[in-house]
Amino acid sequence: MSSLVKIDLNEDIATLTISRPESLNAINQLVMQELRVFFEKNYRSIKNLKGVIITGEGNRAFVAGADIKGFSALQAHEGTELAKYGHETYFLIERFHVPVIAAVNGFALGGGCELAMACHIRIAGEHAKFGQPEVNLGLIPGYGGTQRLIQLIGKGKAIELLMTGDMIDAKEACLLGLVNHVVPPGTEVEMATSIINKISSRGPLAIQKIIECVNAYFNKEEDGFIKEYEDFGNLMASDDCKEGTSAFIEKRKPVFKGK
């Protein structure tokens, strides 16, 4: 990968840092491509991957939006393809089999807010700002913002923020449910790492199925309740379940193998 998405691997946790500080880490097509390549195939080169953290370089921005240079020259079909590619990439993140946490260290606007929402969990520094300001450009969010914002904070407040383009701070974002935790600036990645380490001590097959079942709730082509009881049954027959229940009875820590 190029330096636009830097990858740091530490104790089986991959930290992806979007590195365009001169543009407040705005997402251009190359950044989107690099994210897609990682979540589609490059992650397979990391053995025992416990989780992924996405953050932005510097202390001003997580991702301050999409790079809008050239937007005005795009035709309708080109805009559709641009948004479709972003949707496909963010779905890879949302459906990833291990936890993906956004460490929001500044502005998370437009495509940046949408990227954070595609992650499973969001940690925000106290100075972080969130918003979908696309209406100021005569546009709507193109990477899933009109859908995920409603899922996270409800229709009433979501439609207000989408139509006004207003920004909210980390405290309000947490109160609304957009953010899981607010932490002192500079400790976002540390908090994300702590959460991934806690999750990684649980059954890996169960974690994967939790991600799938929660996503099924929002998938109109799936019945999440059916998926839940089917996955529950399949996990019941797994080695991990046998290990977990035995460890509980024997009052020891389980040693899961993901089988």
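This is a predicted model: local features need pLDDT of at least 70, side-chain atom pairs count only at pLDDT 80 or more; totals for chains, interfaces and linings use all residues.
1. Residues are numbered from 1 along each chain as its sequence is written, and side-chain values use heavy atoms, with hydrogens and water left out.

2. Let us start with the hairpin. Strands β1 (residues 5–10) and β2 (residues 13–18) run antiparallel and are joined by 6 bridges. Within this pairing, Asp8 stands opposite Thr15 in β2. The hairpin has 2 residues between its strands, and Glu11 in the turn has a positive phi of about 50 degrees.

3. Next, the aromatic rings. Rings of Phe, Tyr and Trp (its six-membered ring) pair if their centres lie within 6.5 Å; planes under 30 degrees apart count as stacked, over 60 as edge-to-face and the rest as tilted. A search of the whole structure gives 5 aromatic pairs. Phe38 is buried at 1% relative accessibility, and Phe39 is buried at 3% (buried means under 20% relative accessible area, exposed over 50%, partly exposed in between, with a 1.4 Å probe and protein chains only). Phe38 and Phe39 also belong to one aromatic cluster with Tyr43 and Phe96.

4. Which pair has planes at 70 degrees? That is Tyr90 with Tyr143, whose ring centres are 5.6 Å apart, so the pair is edge-to-face. This pair links distant parts of the chain, 53 residues apart: Tyr90 is in helix α2 (residues 76–94), and Tyr143 is in the loop between β8 (129–131) and α4 (145–153). Tyr90 is buried, with a relative accessible area of 0%, and Tyr143 is buried with 9%.

5. A charge sits over a ring if NZ of Lys or CZ of Arg is within 6 Å of the ring centre and within 35 degrees of the ring normal. Arg95 lies over the face of Phe91 at 4.1 Å from the ring centre, and Arg148 lies over the face of Phe91 at 5.1 Å.

6. Finally, Asn105 is in the loop between β5 (100–104) and β6 (107–109), and Asn105 is buried, with a relative accessible area of 7%. Its contacts (heavy atoms within 4.5 Å), not counting residues up to four places away in sequence, include Thr55, Arg60, Phe62, His127 and Glu188.

Methods. Two strands pair if DSSP finds at least two bridges between them. Helices (H or I, at least four residues) and strands (E, at least two) are DSSP runs, numbered from the N terminus.
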